[in-house]
Amino acid sequence: MANEERPCPCDIGDKFEYEGLGNEVQIEHFKAYICRPPSATDRAVIVVQDIYGWDLPNTRFIVDLLAANGYIAICPDFFVGEEPWTPSNDWATFNKWLETRQPRRTDKEANATLRYIKEQYNAKRFAVVGFCWGGIVTHHLMLTHSDMKAGVSLYGIIRDSDDRCALKKPTLFIFGENDSVIPLEQVTLLEQKLKEQCTVDYEVKVYPGQTHGFVHRRKEDINPNDKPHIEDARRQMIDWLNKYM
């Protein structure tokens, strides 16, 4: 699910067998997974889950990757205890499931997470990275939160707002060329609207031959043809954060 205009199911891909290096914490009315870098920092990144939930090992791997690169990285449960989607669910019920998990109704949890990392870790600079459903959340937060320094939206896109490209902070958008959820014509339209509306730095990157979820739902060691694209997209994500944080 990465297109707000026409929600569409997406394959979970390669589920990582990954334990995670961080720990779970309670933030007000929801839980979060957090990992801290080896050295003290005031830079923090909120990582936003896809439809498969905050405890998907793939997403926690990304959290730990960001921590290894010098960021306090935290993945809140933006579903607030509600069950994530599972591959065994009936796709015919997806839209009904999504009604209580709207990506543009996440400000309360985002703000609570910001308060938590400010108070607990003295964080002063913030960014957001999101995948699929979380990519839409990232796009939304870049439209509404001027206290963020930057955002990286991976295969998520807002289509239902006239000012959807009036970004407040620099944003990197990453897509796959062969994404059946977000076809290239939608990416082209996004680029056109960004040129018309956006006054901050942005970049749209499309990776050849890649499908939906390739950055965090593909294992590079068993997908040799995808490996260079997976690794480059992860590097671009980190470089973007380093540039603006």
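A crossing of two helices is right-handed if the near helix is turned clockwise from the far one by less than a right angle. In this predicted model, the crossing of helix 1 and helix 7 is right-handed. The contact draws on Phe61, Ile62, Leu65 and Leu66 of helix 1. Helix 7 contributes Arg234, Met237, Ile238 and Leu241. By class, the contact residues comprise 7 nonpolar, no polar and 1 charged.

Two packed helices are described by the angle between their axes and the distance between the axes. For helix 1 (residues 57-68) and helix 7, the axes come within 11 Å. They cross at roughly 50 degrees. Helix 1 is therefore oblique to helix 7.

The largest nonpolar core holds 82 residues. Helix 7 (residues 227-244) supplies the largest share of this core, 7 residues. The residues with the most contacts inside the core are Val45, Leu66, Ile117, Val152, Ile174 and Leu241. Two of these names, Leu66 and Leu241, also occur in the contact of helix 1 with helix 7. Beyond its neighbours within four places in sequence, Ile117 is in contact with Ala44, Ile74, Asn122, Ala123 and Phe126.

Arginine 164 lies in the loop between strand 6 (150-154) and strand 7 (171-176). Its relative accessible area is 11%, so arginine 164 is buried, the cut-off being under 20%. With neighbours within four places in sequence set aside, arginine 164 is in contact with His139, Leu143, Ile158, Arg159, Leu189, Lys193 and Gln197.

Aspartate 107 is placed in helix 3 (residues 107-121). Aspartate 107 has a relative accessible area of 23% and is therefore partly exposed. Residues up to four places away in sequence not being counted, aspartate 107 touches His140, Leu141, Thr144 and His145. Aspartate 107 and isoleucine 158 are 51 residues apart in sequence. Their C-alpha atoms are 16 Å apart in space.

Backbone torsions were also considered. Most residues other than glycine have a negative phi. Valine 80 has a positive phi of about 50 degrees, although it is not a glycine. Valine 80 sits in the loop between strand 4 (72-76) and helix 2 (94-98). At 31% relative accessibility, valine 80 is partly exposed.

Cysteine 132 likewise has a positive phi, near 60 degrees. Cysteine 132 is in the loop between strand 5 (125-131) and helix 4 (133-144). Its relative accessible area is 0%, so cysteine 132 is buried.

Key:
Residues numbered from 1 in each chain as written. Predicted model: local features only at pLDDT ≥ 70, side-chain atom pairs only at ≥ 80, totals over all residues. Heavy atoms only, no water. Core = buried A, V, L, I, M, F, W, Y, C linked by side-chain atoms within 4.5 Å. Buried < 20%, exposed > 50% of the residue type's maximum accessible area, 1.4 Å probe, protein only. Helix = DSSP H or I, 4+ residues; strand = E, 2+ residues; numbered from the N terminus. Contact = heavy atoms within 4.5 Å. Axes fitted to C-alpha atoms, helices over the stretch in contact; angles between N-to-C directions. Parallel < 35°, antiparallel > 145°, perpendicular 65-115°, else oblique. Nonpolar A, V, L, I, M, F, W, Y, C, P; charged D, E, K, R; others polar.
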